[in-house]
Amino acid sequence: MSQAAIAKKQDLVDLASTKFKEAASVVVVDYRGLTVEEVTNLRKQLRDAGIQMKVIKNSVLSRAAQAAGLEGMDDVFKGPTAVAFSNDDVVAPAKIIAEFAKEASALEIKGGVIEGRVSSAAEMNSLATMPDRDGLLSMLLSVLQAPVRNTALAIKAVAESKEEVA
């Protein structure tokens, strides 16, 4: 193999390793059996959410994962593999892919990385069932508002009872 080819492969490994390190979450999928139209549709949904999906050789992915300090991913990098990288939202890639897989049964989540920790397919699928960032923020806001709302209702009830007495 020529020096230029080796250097090109090393650049690919370095690029993928950087993506692994910078990503909030990474979802590794087996896309075998999907039509070109389905893959294009999935890529569009991911891109609209700010997620980048790449098809990268398993040997490059394996070396990149090792370089990024992610151990135990060699079993995930077998067969046709596509990788979705999200730098912002941890839940979005798993959620979008899991929703897409309901219609395209050929798509299968093989595993991934959640905030620098290697995760199994089961963990990635459970991540997909969590509410997204906006949903979690609205839940938090609701919890924070509850004491204030309850205090206001109690004050109103006391005021109404005093009006009835007078």
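Before we set off, one definition: a residue is called buried under 20% relative accessible area, exposed over 50%, and partly exposed in between, using a 1.4 Å probe and protein chains only.

What you have open is a predicted model, in which local features need pLDDT of at least 70 and side-chain atom pairs count only at pLDDT 80 or more, while totals for chains, interfaces and linings use all residues. Residues are numbered from 1 along each chain as its sequence is written, and side-chain values use heavy atoms, with hydrogens and water left out.

**Stop 1: the two domains**

Colour residues 3-130 as domain 1 and residues 132-165 as domain 2; these bounds come from an automatic or database domain assignment. The C-alpha centres of the two domains lie 43 Å apart.

**Stop 2: three phenylalanines**

Now select Phe 20, Phe 77 and Phe 85, which form one aromatic cluster. Rings of Phe, Tyr and Trp (for Trp, its six-membered ring) pair if their centres lie within 6.5 Å; planes under 30 degrees apart count as stacked, over 60 as edge-to-face and the rest as tilted. By this rule there are 2 aromatic pairs.

Start with Phe 20 and Phe 77: the ring centres are 6.5 Å apart and the planes stand at 55 degrees, so this pair is tilted. Phe 20 belongs to helix H1 (residues 3-22), whereas Phe 77 sits in the loop between helix H3 (58-67) and strand S3 (82-86), 57 residues apart. Helices (H or I, at least four residues) and strands (E, at least two) are DSSP runs, numbered from the N terminus.

Next, show Phe 20 together with Phe 85. Their ring centres are 5.6 Å apart and their planes meet at 75 degrees, so the pair is edge-to-face. Phe 20 is in helix H1 and Phe 85 in strand S3, so the pair ties together parts that are 65 residues apart in sequence. Phe 85 is buried as well, with a relative accessible area of 4%.

The charged end of Lys 19 sits over the ring of Phe 85, 5.8 Å from its centre. The rule here asks for NZ of Lys or CZ of Arg within 6 Å of the ring centre and within 35 degrees of the ring normal.

**Stop 3: salt bridges**

How many salt bridges does the structure hold? There are 4, each being a side-chain nitrogen of Lys or Arg within 4 Å of a carboxyl oxygen of Asp or Glu.

- Select Lys 44 and Asp 48: their closest N and O atoms are 2.9 Å apart. Both lie in helix H2 (residues 36-48), 4 residues apart, about one turn of the helix. Lys 44 is partly exposed at 44%, while Asp 48 is exposed at 57%.
- Move to Glu 99, the residue from our opening, and its partner Lys 102, with 3.0 Å from N to O. Both are in helix H4 (residues 92-103), 3 residues apart, about one turn of the helix. Lys 102 is exposed, at 62% relative accessibility.
- Finish with Arg 117 and Glu 123, whose side chains meet at 3.6 Å, N to O. Arg 117 is partly exposed at 46%, and Glu 123 is partly exposed at 31%.
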